[in-house]
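Subject: Structure handover and notes

Dear colleague,

I am passing on the structure below, together with some notes on what was found in it. Please read the notes with the structure open beside you.

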Amino acid sequence: MGNKLTKSGKPSRRREKKFIERLSSCHAQAPGRMEGKKNSLKALARSIKTSSGATDDPDAQDAFVAAPIEQLPIELWLDIMSYLSFNDLQQLRMVSTKCRDLVSRRSFMDKGKVIVTQHNLGPIYKLAKRGTSSLSFERMELRNVRQSCMMKNFLRLVGPEVKHLQLRHAPVFCNMDGRLPNLKVLTIATTSAKDVNYHQPIHALNMAQFNHLVGFECDGVSLDSSMKLIMLLQLRRAESKVQLRNLQFEYQRNNEDALLEVLRDHAETMVSVDIFFSCSPGIDTYLWCQAFGQMENLRMLKLSGNCHQVLLDAILRSVPQNAPLYQLDLTGMLTLTNELLFYVACKWESTLKVLDLMFCVQLNGSCIEAIRRLNGQLKSLTMAYCRELTGVGLVQALALKTNYALQELHLEEVCFIDEGSMCELLERLPNLRRLSLDNCRQAVTDRTMAIICRYAYFIYKKRKIIMTFPDHRCLTGLRSLNIDYCVKITDQGLIGFGENPYPISQLKGLRELNLRGCRNLTDRSLMYALKLPELRALSLGYCSRFQPEGLQALTFNCPALENLCASSCMAVDDDTVRHFVRNLKRLRILNLSNCSKLTIQSIYHILRHGHNLVELIACSIDMDHEQAQRILERQKPQMKQVLL
């Protein structure tokens with residue numbers, strides 16, 4: 001479909017001949033280098049010709065030998081593998097030796113990380129100690145672990161290899177000291193200031209020891225404010241040789257001076273700044289302007305929380321105009337005005353690609369001029385909960401003509417969009433990859449769903465990316481669709497609406513689908529519409545009309561599901577859970593909260609068939625939770641999270 005040897009699904013003899021002639025001419029210049037590629041590509045072309053039935057000569061058909069997939073050129077393998085997720089790559093590496101070697105390349109290993117828990121620390125330590133492991137510890141996460149001699153020895157062994165480290169519920173600062181000489185990025189998330197197992201306080205981490213550190217992220221949850229202040233002070237130029245490029249930190253009144261000094265010291269190298277204001281700063285903005293005024297390399301700026309208008313205005317105006325600002329996130333900035341947004345749009349009109357304005361509730365129809373200024377440049381726009389916006393205004397801002405640039409659009413809870421404006425908007429955004437319309441009840445109807453499933457066909461046909469599809473189906477670019485609580489959607493909207501129906505199954509590349517609260521959907525949607533082989537995540541919460549037969553059919557229609565939410569689907573019973581975990585081989589996360597028909601038998605089904613399951617959420621169910629917890633801890637201790 002996508003190569004130049006085919007047209008309408010059949011090979012072109014003339015193009016095949018010219019293609020092979022080009023290979024032959026290259027082979028004449030470099031025979032040794034081109035021989036392998038020529039043979040494999042020629043066999044591949046012939047196999048395409050044989051499989052499509054392009055020739056009626058039986059002798060010619062016998063002469064062609066189909067090319068095994070192993071004979072594909074390495075370049076083609078790498079291009080195909082670039083589309084796979086980390087979990088897919090881990091499954092691919094078990095296919096053959098060649099696949100294992102390809103997956104082991106650095107470009108693919110960077111997609112994942114090693115997660116060390118209290119349960120697997122011993123086996124991973126033994127594996128690393130033997131020196132025969134293919135694991136790369138360059139990216140590592142320590143999750144739910146505590147200080148111990150084994151952890152100290154483990155970090156001494158693999159520490160020189162670690163460059164990206166994340167701590168999640170892992171107060172192991174003492175074990176880290178002096179054992180991570182090459183650390184570049186440190187992320188501290190939801191880590192307590194005490195070791196809960198021994199009820200002992202944890203000493204602050206010495207940040208000055210990380211000479212190669214370029215990124216520090218600390219969300220501040222559960223960490224003592226004095227401990228965060230100590231670590232921040234150690235990042236000053238007077239205390240260390242660190243040259244920060246990325247900083248994520250929580251502003252508090254006791255650390256304002258230290259934070260400003262760190263921002264000022266590293267302003268020339270700063271690329272990304274993320275500050276959450278847990279409380280409102282003072283009125284004096286001079287030092288803030290001095291720090292941000294030197295950030296000429298700033299590409300990502302996120303300001304969220306309780307920041308007053310005077311400071312927000314001062315920071316945005318002080319950042320140099322020549323800074324290549326690519327992403328601006330002002331989530332929760334209740335003080336952002338239409339005038340300030342227009343100033344930002346004019347200042348970075350040529351560089352700004354990602355704009356997040358969630359909860360900026362002061363914005364209204366007058367902000368359309370600012371968005372229009374960025375039209376044709378923005379790749380991602382979030383205006384969730386900006387409830388003063390209208391559908392007509394959004395069309396004027398984003399889609400007066402076809403907009404090929406925008407790939408992500410988030411309009412959750414924007415209530416004043418009408419159906420006609422939404423359809424007009426979607427018809428002019430052909431390259432959308434992510435679309436969120438949660439609770440846009442007036443805008444999202446069966447007709448809107450028909451537009452979502454149909455528009456890409458005509459756009460792709462116009463561009464000649466596809467040639468002919470006898471059943472009028474196509475592959476679209478949409479990867480994520482969220483339509484929570486859009487209660488006007490019925491089965492007809494997913495199966496196909498109108499005289500020329502276009503079902504949602506046409507979105508073959510869809511990876512995430514959220515139908516939570518779409519209460520008018522029935523088993524017909526599960527049986528006949530949701531035939532999505534690439535779907536990875538699906539939410540059906542509060543869709544109360546689904547029955548066991550439809551939910552069982554879903555497991556065959558969406559075999560690649562990894563994340564399934566069926567909370568408050570009252571028809572889910574033990575047998576349905578058995579079908580979930582037995583048929584969905586890749587299932588990793590399962591949410592069964594408030595499914596009142598479940599018993600302890602569901603836990604045994606999960607133990608028997610849920611081999612890849614790592615997270616189970618089953619709250620508000622009338623069963624013996626303590627017994628279920630003991631069974632899971634004893635027979636499936638590798639599960640990362642169990643909420644009962």
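Rings of Phe, Tyr and Trp, the last represented by its six-membered ring, are taken as a pair if their centres lie within 6.5 Å. By that criterion the structure, which is a predicted model, holds 7 aromatic pairs.

One of these pairs is formed by Y125 and F154, whose rings are 6.5 Å apart centre to centre, with 85° between the planes, an arrangement that is edge-to-face. The pair links distant parts of the chain, given that Y125 belongs to helix α8 (residues 121-130) and F154 to helix α9 (residues 149-158), with the two being 29 residues apart. Both Y125 and F154 are buried.

Another pair joins F216 to F249, and here the geometry is tilted, with 6.2 Å centre to centre and 40° between the planes. This pair, too, links distant parts of the chain, but through strands: F216 sits in strand β9 (residues 215-218) and F249 in strand β10 (residues 246-251), 33 residues apart. Since buried means under 20% relative accessible area, F216 counts as buried at 0% relative accessibility, and F249 likewise counts as buried at 2% relative accessibility.

Returning to Y125 and F154, these two residues form one aromatic cluster together with F137.

The next item is a helix contact. Two packed helices are described by the angle between their axes and the distance between the axes. For helix α23 (residues 574-583) and helix α24 (residues 600-609), the axes come within 9 Å and cross at roughly 15°. Because angles under 35 degrees count as roughly parallel, α23 and α24 are roughly parallel to each other, and α23 passes α24 in a right-handed crossing. On the α23 side the contact is made by D574, V577, R578, V581 and R582, which meet Q601, S602, H605, I606 and H609 in α24.

What is T382 in contact with, leaving aside its neighbours within four places in sequence? The residues in question are L355, D356, L357 and M358, together with H410.

Terms used:
Residues numbered from 1 in each chain as written. Predicted model: local features only at pLDDT ≥ 70, side-chain atom pairs only at ≥ 80, totals over all residues. Heavy atoms only, no water. Axes fitted to C-alpha atoms, helices over the stretch in contact; angles between N-to-C directions. Helix = DSSP H or I, 4+ residues; strand = E, 2+ residues; numbered from the N terminus. Parallel < 35°, antiparallel > 145°, perpendicular 65-115°, else oblique. Left-handed = near helix turned anticlockwise from the far one by under 90°. Contact = heavy atoms within 4.5 Å. Phe/Tyr/Trp six-rings, centres within 6.5 Å; stacked < 30°, edge-to-face > 60°. Buried < 20%, exposed > 50% of the residue type's maximum accessible area, 1.4 Å probe, protein only.
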